[in-house]
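Have a look at the structure first.

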Amino acid sequence: MKWEGNRQSDNVEDRRDEGGSSGGGGLGGRHIGIGSIVIALVASYFLGVNPMTVLSLLSGGSPVPQTQSAPAHKPPAGDHLATFVSTVLADTEDVWTDVFAQSGGTYQKPKLVLFRGSTPTACGQGQTAMGPFYCPADRKVYIDLGFYETLKNQLGAPGDFAQAYVIAHEVGHHVQNLLGISEKMDQMRGRVSQVQYNALSVRLELQADCFAGVWANRAQASRQLLEAGDVEEAMNAAAKIGDDALQRAHGGQVVPDSFTHGTSAQRQHWFDTGFKNGSVQRCDTFAARQL
């Protein structure tokens, strides 16, 4: 992935040295085995956000207006991985600013918080074991960079574009939040059965995968950042974090009714749909008869 030397986002907040963090290293160094990680990933992505239509953008309307806060504190210069994350975030900002502008709207950029161990969020206490997640209440993406070691060494998904896919997926949740999809999902909580809510969550997550593909398509068209093997890295990562793959990795039975993110094949399909078409309209997973 050709990212070095590109613009970095001003919307990265570095909390890694704050006293509230605990436990030192990232996911890989906190005595968390693959089983715990699988459970945490499946549960935590759920914090991610929420759904029901891509109304504003899909129907051509303007996104919900949001307030923009002041630029966040940057991580220190020379931190290679933090620089990478800041650069990927900046690229998502450029893409989604253009997408929203084409529909007559204004994209409100999310913050991305780097932390270790734990950190307070508007969605409750964030924990390293959750993996990366998005909190719709404060419109921030949270990530312990140690997760990337887990992604590579324990989940078998190495590569910088796999890492970029993770960020783009969480930013996809932010886009859903701006479009009002997250709020509609919250409104369904308690009004449908848990199995039905899980099915809606799958559609929500697959849409975020598709939005990640839209970002990759448009970033490539504008900046030619992809190198040989990059798309395969993202597709592999999507496969490794499918609900069925995670449940198998945990050594348990695959239980489709418990899925909240979709199968490996579904996650690959929807990322690929966004990547091949670059179209937000093609990402309407809630209208799709088959996932």
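In this predicted model, C123 and C135 are bonded through a disulfide, with S to S at 2.1 Å. By the distance rule, the count comes to two disulfides. In sequence order, the bonded cysteines pair up as 1-2, 3-4.

**C123 and C135**
- The torsion about the S-S bond is about 95°, so this disulfide is right-handed.
- C123 sits in the loop between β3 (118-121) and β4 (124-127), while C135 is in strand β5 (residues 133-135), so the bond ties together parts twelve residues apart in sequence.
- C123 is partly exposed, with a relative accessible area of 29%, whereas C135 is buried at 0%.

**C210 and C283**
- The sulfur atoms of C210 and C283 are 2.0 Å apart, making a disulfide.
- This link is left-handed, with -75° about the S-S bond.
- It connects distant parts of the chain: C210 belongs to helix α7 (residues 194-223) and C283 to the segment after α10 (264-277), 73 residues apart.
- C210 counts as buried at 0% relative accessibility, and C283 is buried at 0% too.

**Helices α3 and α5**
- The axes of α3 (residues 80-102) and α5 (residues 160-178) come within 10 Å and cross at roughly 45°, so the two helices are oblique to each other.
- Their crossing is right-handed.
- On the α3 side, the contact residues include F84, V88 and W96, and on the α5 side they include D160, I167 and V171.
- Sorted by class, that contact has twelve nonpolar, two polar and one charged residues.

Conventions:
Residues numbered from 1 in each chain as written. Predicted model: local features only at pLDDT ≥ 70, side-chain atom pairs only at ≥ 80, totals over all residues. Heavy atoms only, no water. Axes fitted to C-alpha atoms, helices over the stretch in contact; angles between N-to-C directions. Helix = DSSP H or I, 4+ residues; strand = E, 2+ residues; numbered from the N terminus. Parallel < 35°, antiparallel > 145°, perpendicular 65-115°, else oblique. Left-handed = near helix turned anticlockwise from the far one by under 90°. Contact = heavy atoms within 4.5 Å. Nonpolar A, V, L, I, M, F, W, Y, C, P; charged D, E, K, R; others polar. Disulfide = S-S within 2.5 Å. Buried < 20%, exposed > 50% of the residue type's maximum accessible area, 1.4 Å probe, protein only.
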